[in-house]
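Student: I have a structure open on my screen and would like to learn how to read it. Could you take me through some of its features, one at a time?

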Amino acid sequence: MTGGLILWGVHFLGVYSLASLADVVATADDPLWRAVGLVFSGTCLLAAAILLTMSLKRLRRSSDGRSRFPEQLAALGAGLALVAIAWQTLPTVIGY
Amino acid sequence: MKSETGFDTGQYARFPTPGPRPPGELAELERLWCRPKGWQWITAINNNFVGVYYVGAAMLFFVLAGILAVLMRTQLAVPMAGLLPAETYNQIFTVHGTMMMFLFAVPAVEALAVLLLPQMLGARDLPFPRLSAYAFWAYLIGGLAFFCSLFFGLAPNGGWFMYPPLSSTAFSPGINADFWLLGIGFIEISAIAGAIEIIVGVLRNRAPGMTLDKLPVFAWAMLIFAGMIIIAFPSVILATTLMELERVFSWPFFDPLKGGDPLLWQHLFWFFGHPEVYIIFLPAAGAMSTMIPAIARTPLVGHTAVVLAMLATGFISFGVWAHHMFTTGMPTISTSYFSAASMAVSIPAGIQVFAWIATIAAGRMRYTTPGLFVLGALVTFTMGGLTGVMVAMVPFDWQAHDSYFIVAHLHYVLIGGMVFPFFAAIYYWLPMSSSRPLSERLGKWVFWLMFTGMHLTFLPMHLSGLMGMPRRVFTYLPGRGLELPNLVSTIGAVLMAAGVLIWVIDMIRNFRPFGDRDAGNPHDGPGMEWLPTGLYSVRSIPVVTSLYPLWEQKNLARDVEAGRYFLPDAPTGGRETLVTSTLNAEPQYLQRMPMPSAWHVWAAVFTAGFFLLLTVQAYWPSALSGVLAVWCMMKWCWMLDRPRVEDTVDIGAGIRVPTYASGPSSHGWWAMVITLIVAGMILAMAAFSYVFLWSRNSQDWIAPPGLWSLVVVVGGNAAAVALAWLSCRVLALDRPRSPAVATALMILAAAAVGGGWVVDLDSWLSTGLKASATGQGATVFFLLSWHGFFVAIVALMGLYAGLRWAAGHVETRRPSTFELIALFLGYAAGQGAFAALLTRLFPGG
């Protein structure tokens, strides 16, 4: 139900940790570390897309009114995560 | 729908039961849940009393902190005024901010939850009523002591976020800062206790049939709020502990000369501090989403989107803490991540605002006092949100940082996002707890004075901030264009104070709590809190089939009052409530609730005594108070896990449920797991502190002890886990010697955890590392001390297990105590192993 939001949280902590680690080892905006950040962000985006697809499939399958609410929340959350992760990746793309 | 627990939900069709109920049922409920007499008013644990006390205390602190605000504004009305000396002014703004954030905003919404949730969820009370009462008394005593420090010139004076080095002994040599550090740490423990109560209550004490889609939006908000407290507040508990250790023992966590870093404080504080804003806002938003449909007489538009928005706010709020640190020189790309998240968090807030506007537009709004406060909140919060997006942009924040623009922004957000909704909630829900509603005529005066006063006070502050007026100055020079905005702000503050004064008068005139009747449902609210209730909450616990039960379930109030639903009586002869499953709210077992006793009050008094005496450096009396607090808590725990009465009882319509549960289905297990999450968060933040200080000054770090000690520590802790598990297994065997063997194994497990800790401590001492010498020493010895605290608790638990066995309270049919001890012990062992691995393998030798 909260998978998308958890994924967003993991992504945020991941990109922040990578930048912090890069700052200790080289510089926070070092191109190599940014490339690692982009790969990480891409993986998270893919995971969000998979979550969204899965939750939409489940939503379509569920006909019982009672069980739709968690699926609706899951689908909306995964959709939101997809957008939020893309938004949160922009500093890595831009580089500052 | 698939059943979550195996319960046949078709049995709900048996309700409402036909025919009259047996005579005497109601009288028995009234006897069990009777009004306190004499001293029992202090030991009361029923939410109808504790909730009112709690809200009252929060409002007392609001008024006291408001008086301080008026004093500040009077000082700033004209340039170079001499009403308050600089030092007194520093104390006043610190206490004002601290009280509003820690003693009003968070406790007030927790108080509202304690008061409203049982009725909203259809429970007799929240699952741990003594914990609520303990949290209240701890909060009240700690809060009053904190406020009174002003009268002795001992109040903290470093601002509500107490940045080092200003708050270090070099620049704050008195005990003023200690009052803040120990006081706040203590009050946060109370807030966490309340959060545990709320999470378990919302997830496990809902009326049958109240699936997640029928969970009232206020309950959703409180659930997310409490979850956020569990994640965020450990950070400030850790921060205040580290600071106090630095001040008392010179452990250099924040001293850069010895390998510490003041920025560590900012990270720890704001990891708590920014989610705190949403912790305050979300319950108020939940209250808005509950009140607006009733006031506008139409269901909430976009209920699912609103729930998702609240969940999203809860998550994203943990990714914005460093936007308070844009000017500290963090790498640009890092600030960009926080800037992006800070802008993103406005989207879920916006979803809620649009849902409220759409609901108001779709319905027929009534401009009653709560209606006006709701609209005022909407306007004010939106304005604050807009300036929030402005300061989320790094270049703008560089200009506005630490200026009155920020003061204006935060007050718009907090007053619009919490104070106005809270006043709306008071006017809306007070008829539930009082035999008279508040006056509509006076209420409108209160609203307009507060609304006008608020905007007059804070709108000009945007200007004075942009004109360069820094926050936290006790005066300013004439001729810089600051006179007019400051004078207008002061006039606004007086108007606002007049509004609050009229509200106080209204309360004195009309608030009549604890009576036999309430003022009814004047707003035609659709939630279950508007069902007819007594001190036992609802007469019978209904089956919920709608999000708006009073609007859509015909004759619900009549049938509930006639006892035609669940638990119309008291089958075990004591106070009880129904525990239901987490997702689908299927009946699982009957929880036997405690009766009032004084132990939780004494525990709160002695806990407060421990912290306050520590503050004034009376170490021995403090230690004595601490021992007494532990004794009271053990006495309190002794009354839990009582002998079983009947194995199963009839809870209505022939449906039988057990009267005892242990393991993951029990409410006690949930409370323990949440407590351990708090402990885990403190450990995680301590680990962050360790790595952070290494990244700042790694050249002073020495090699860790040899790997042999690591093997012994990890092995000892692993053995402890195995012994604790074995203890529970042996107890489950139900043989004659099972209790004795299980107790012995549990005591051995406790000894193994203690042994691991002793070896770890000894190995570090042998390296020559000093806690007061470097950041490494400080963090390593903090981790050891923190784990030592857990070892002490584990030792107490071992002693407790032994005493329970000696008293004949260890038996196979009652495994709950042992399972919970094993759970705690398992966590403590994991913590010990983790700390040993971290400090030896990172950065390694």
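Student: Let's start with Pro16(B). Where does Pro16(B) lie?

Tutor: Pro16(B) sits in the segment before α1 (25-32) of chain B. Bear in mind as we go that this is a predicted model.

Student: What kind of peptide bond joins Phe15(B) and Pro16(B)?

Tutor: The general idea is that most peptide bonds are trans. Here, Phe15(B) and Pro16(B) are joined by a cis peptide bond, with omega about -5°. Another cis bond runs from Phe842(B) to Pro843(B), with omega near -5°. For that one, look in the segment after α25 (816-841) of chain B, where Pro843(B) has its place.

Student: And phi? What is phi of Met162(B)?

Tutor: In general, most residues other than glycine have a negative phi. Met162(B) has a phi near 50°, a positive value in a residue other than glycine. You will find Met162(B) in the loop between α5 (129-148) and α6 of chain B.

Student: Now the confidence scores. How should I use them, and what does chain A average?

Tutor: Where pLDDT is low, the predicted coordinates should not be read in detail. Chain A averages a pLDDT of 89, and 95% of the residues score at least 70. Among the elements of chain A, helix α2 (residues 31-61) has the highest mean pLDDT, 93. The lowest mean, 88, belongs to helix α3 (residues 65-94) of chain A.

Student: Next, the chains together. How many residues does the contact take from chain A and from chain B?

Tutor: Chain A brings 30 residues to the contact and chain B brings 23. On the chain B side, the elements giving two or more residues are α9 (303-316) and α10 (332-344). Of these, α10(B) gives the most, with eight residues. By class, that side of chain B divides into 15 nonpolar, seven polar and one charged.

Student: How do I describe a pair of packed helices, say helix α1 (residues 3-25) of chain A and α9(B)?

Tutor: Two packed helices are described by the angle between their axes and the distance between the axes. For α1(A) and α9(B), the angle is about 20° and the axes are 10 Å apart. Angles under 35 degrees count as roughly parallel, so α1(A) is roughly parallel to α9(B). Their crossing is right-handed.

Student: Which residues of α1(A) and α9(B) meet there?

Tutor: From α1(A) come Leu5(A), Trp8(A) and Gly9(A), and they meet Leu311(B), Ala312(B) and Phe315(B) of α9(B). This contact has five nonpolar residues, one polar and no charged.

Student: What about a pair within chain B? At what angle do helix α3 (residues 47-76) and helix α16 (residues 483-510) of chain B pack?

Tutor: The angle is about 155°, and the axes of α3(B) and α16(B) lie 9 Å apart. Angles over 145 degrees count as roughly antiparallel, which means that α3(B) is roughly antiparallel to α16(B). The crossing of α3(B) and α16(B) is left-handed. Residues making the contact include Gly66(B), Ala69(B) and Arg73(B) of α3(B), and Ala493(B), Ala497(B) and Val500(B) of α16(B). By class there are nine nonpolar, five polar and one charged.

Student: Let me try helix α21 (residues 667-696) and helix α24 (residues 775-806) of chain B. How far apart are their axes, and at what angle do they pack?

Tutor: Their axes are 9 Å apart, and the packing angle is about 165°. That makes α21(B) roughly antiparallel to α24(B), in a left-handed crossing. Among the residues in contact are Ala686(B) and Tyr690(B) of α21(B), with Phe782(B) and Trp786(B) of α24(B). Six residues of this contact are nonpolar, three are polar and none is charged.

Student: Last one: into which domains is chain B divided?

Tutor: Chain B has domain 1 (42-510) and domain 2 (663-841). Their C-alpha centres lie 36 Å apart. The contact between them takes 27 residues from domain 1 of chain B and 26 from domain 2. On the domain 1 side, α6 (176-204), α7 (217-249) and α8 (262-296) of chain B each supply at least two residues. The largest share, nine residues, comes from α7(B). That side of domain 1 has 19 nonpolar, five polar and three charged residues.

Definitions and conventions:
Residues numbered from 1 in each chain as written. Chains lettered and ligands numbered in written order. Predicted model: local features only at pLDDT ≥ 70, side-chain atom pairs only at ≥ 80, totals over all residues. Contact = placed C-beta atoms within 7 Å. Helix = DSSP H or I, 4+ residues; strand = E, 2+ residues; numbered from the N terminus. Nonpolar A, V, L, I, M, F, W, Y, C, P; charged D, E, K, R; others polar. pLDDT = per-residue confidence, 0-100. Domains from an automatic or database assignment. Axes fitted to C-alpha atoms, helices over the stretch in contact; angles between N-to-C directions. Parallel < 35°, antiparallel > 145°, perpendicular 65-115°, else oblique. Left-handed = near helix turned anticlockwise from the far one by under 90°.
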